[in-house]
Amino acid sequence: MELSKTDGKLLGYLSQNAREPSTKIAKALGLSREQVEYRINKYLSTGIIKGFTTLFNYSALGYKHYI
């Protein structure tokens, strides 16, 4: 699959901010929400993105230290 410059920007953004809502991602990249959602679904269907992982915000859970 050929990746465009926009695909590269989106994949780079997702690698650092994967849990952001699509509206925030779209605003940061200058795309529409529909374009972001279409491209993410395309990445999932072609196997570029295999899945998602959960990241916990331990300070939001009340933990002061991570051990």
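Me: How does threonine 6 count by its relative accessibility?
Reply: Threonine 6 counts as partly exposed, because its relative accessibility of 28% falls between the limits of under 20% for buried and over 50% for exposed. Please keep in mind that this is a predicted model, and that the percentage is a computed value.

Me: Where is threonine 6 found, and what does it touch beyond the residues up to four places away in sequence?
Reply: Threonine 6 is found in helix α1, and, once residues up to four places away in sequence are set aside, it touches Leu31 and Arg39.

Me: And how far is threonine 6 from glycine 30 in space?
Reply: The C-alpha atoms of threonine 6 and glycine 30 are 9.8 Å apart, although 24 residues separate the two in sequence.

Me: Back to Arg39, then: where does it sit, and is it buried or exposed?
Reply: Arginine 39 has its place in helix α3, and it counts as buried because its relative accessibility is 18%, which is under the 20% limit.

Me: Which residues is arginine 39 in contact with, leaving aside neighbours within four places?
Reply: With those neighbours left aside, arginine 39 is in contact with Ser4, Thr6, Asp7 and Leu10; the Thr6 in that list is the partly exposed residue we started with.

Me: How does the radius of gyration compare with that of a compact globule?
Reply: The protein has a radius of gyration of 14 Å, whereas a compact globule of 67 residues would have one near 11 Å. Taken along the principal axes, the box filled by the C-alpha atoms is roughly 45 × 25 × 15 Å.

Me: What share of the residues is buried, and what about the surface?
Reply: Buried residues make up 19% of the 67 residues, while the accessible surface comes to about 5,500 Å², with 53% of that area belonging to carbon and sulfur atoms.

Me: What about the segment after α3, say lysine 50 and phenylalanine 56: buried or exposed?
Reply: Lysine 50, found in the segment after α3 (33-46), counts as exposed because its relative accessibility is 82%. Phenylalanine 56 also lies in the segment after α3, and it is exposed, with a relative accessible area of 55%.

Me: Where do those two stand relative to tyrosine 66 and alanine 26?
Reply: From C-alpha to C-alpha, lysine 50 and tyrosine 66 are 28 Å apart in space and 16 residues apart in sequence, while phenylalanine 56 and alanine 26, 30 residues apart along the chain, have C-alpha atoms separated by 24 Å.

Me: Last topic: how much space is in the largest pocket, and which residues are closest to its centre?
Reply: About 360 Å³ of space lies in the largest pocket, and, of the 17 residues that line it, Leu14, Asn17, Ala18, Arg19 and Phe52 are the closest to its centre. The elements that give two or more residues to that lining are α1 (5-17) and α2 (22-29), with α1 giving the most, five residues.

Me: What is the lining like by class?
Reply: The lining of the largest pocket has nine nonpolar, six polar and two charged residues.

Terms used:
Residues are numbered from 1 along each chain as its sequence is written. This is a predicted model: local features need pLDDT of at least 70, side-chain atom pairs count only at pLDDT 80 or more; totals for chains, interfaces and linings use all residues. Side-chain values use heavy atoms; hydrogens and water are left out. On a 1 Å grid over the protein atoms alone, a cavity is a set of points where a 1.4 Å probe fits but cannot get out, and a pocket is an open set with protein on both sides within 12 Å along at least five of seven lines; lining residues have an atom within 4 Å of a point. Grid points are joined across faces, edges and corners, and a volume is the space filled by probe spheres set on the points. Ala, Val, Leu, Ile, Met, Phe, Trp, Tyr, Cys and Pro count as nonpolar, Asp, Glu, Lys and Arg as charged, and the others, Gly among them, as polar. The radius of gyration is taken over C-alpha atoms; the globule rule is 2.2 Å times the number of residues to the power 0.38. Buried means under 20% relative accessible area, exposed over 50%, partly exposed in between (1.4 Å probe, protein chains only). Accessible areas come from the Shrake-Rupley method with a 1.4 Å probe; for residues, only the protein chains shown count as cover. Contact means heavy atoms within 4.5 Å.
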